[in-house]
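Visitor: I would like to learn how to read a few features of a protein model. Please take them one at a time.

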Amino acid sequence: LWVLDKTRTAMGARLLRSFIEQPLIRKEAILERQNGVEELNLNYISREEIREYLNSIYDLERLIGRISYKTANARDLLSFKSSLDMLPYIRDLLGEFTSPVLAQICEDLDPLEDLRDLIASAIVDEPPLSVREGNMIREGFNGEADQLRNAKTEGKTWLAELEARERDKTGIKNLKIKFNKVFGYYFEVTNSFKDLVPEYFVRKQTLVNAERFTTPELKDLEDVILGAEDKLVSLEYDLFCQVRDQVASQVVRIQKTAKAIASIDVFTSLSLVATRNNYVKP
């Protein structure tokens, strides 16, 4: 094994070990393998390019195991995505080969571009280790998450804009949006402007010299602003789980591609060893 193993991935190393532990006994299958190695020997530039791309591929079999068992975190999904980034290049290079064994690997290698794009659009570049902290989901992936994120930073601006709009609309010059822990956000109107209060203002509280109101729009804003942080963390976790489950649902495709990657890793390793050690056929 130590002579033959020049694989670049954990998957390739495991497959090569199984090749040695369970050798082929059909002559046709042995020759088919040798023909694949020989074609790689004759195209060593493409072989070395493939090996360069294999360098960047994580253990897809282990990763899909963690994803399926729901133990994968956001960083695991990014490792998975960065591995998928390499697949189109490997597949293009494999397309140059004609020996049946290499052509079959090329056919089995699904670039999984839909999963790559899903993770790229969903997960930020540097997510935290814990999936319960938030800060994992990329801006633009989910409208509600974007709104909650904005609510954290832009809540005051939204309230000021609503206050200005309602002041213009109603003509109540001293209309103010205020807040307290019991009533939340409300419009305060002094008694001198009480006759200008429109019908859609809903009374919340009456004071000696003023009245407090809410509107559907203010209520919606209040719901968004209050607890935006907690809601965002909870929503990000739900969105992350959805993405992880979507990837897990494609386990059969991923396993087939992982097997193809392991196979081309083994064949390029055997080819490298054959060239270096001057092994010849037959």
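Visitor: Over which ring does the charged end of Arg33 sit?

Guide: A charge sits over a ring if NZ of Lys or CZ of Arg is within 6 Å of the ring centre and within 35 degrees of the ring normal. Here the ring belongs to Phe19, and the charged end of Arg33 is 3.6 Å from its centre. Arg132 likewise has its charged end over the ring of Tyr237, 3.8 Å from the centre. The model is predicted, with local features needing pLDDT of at least 70, side-chain atom pairs pLDDT 80 or more, and totals for chains, interfaces and linings using all residues. Residues count from 1 along each chain as its sequence is written, and side-chain values use heavy atoms, without hydrogens and water.

Visitor: Which residues of helix 7 are buried?

Guide: Buried means under 20% relative accessible area, exposed over 50%, partly exposed in between (1.4 Å probe, protein chains only). Helices are DSSP runs of H or I, at least four residues, numbered from the N terminus. In helix 7 (residues 100-108), the buried ones are Val101, Leu102, Ile105 and Cys106.

Visitor: Why are they on the same side of helix 7?

Guide: Because they cover an arc of only 140 degrees around the axis, taken from the directions from the helix axis to the C-beta atoms. The face turned away from the buried side carries the exposed Pro100 and Glu107.

Visitor: What covers the buried residues of helix 7?

Guide: Contact means heavy atoms within 4.5 Å. The cover includes helix 2 (27-42), helix 6 (87-94) and helix 12 (251-276).

Conventions
Helices (H or I, at least four residues) and strands (E, at least two) are DSSP runs, numbered from the N terminus.
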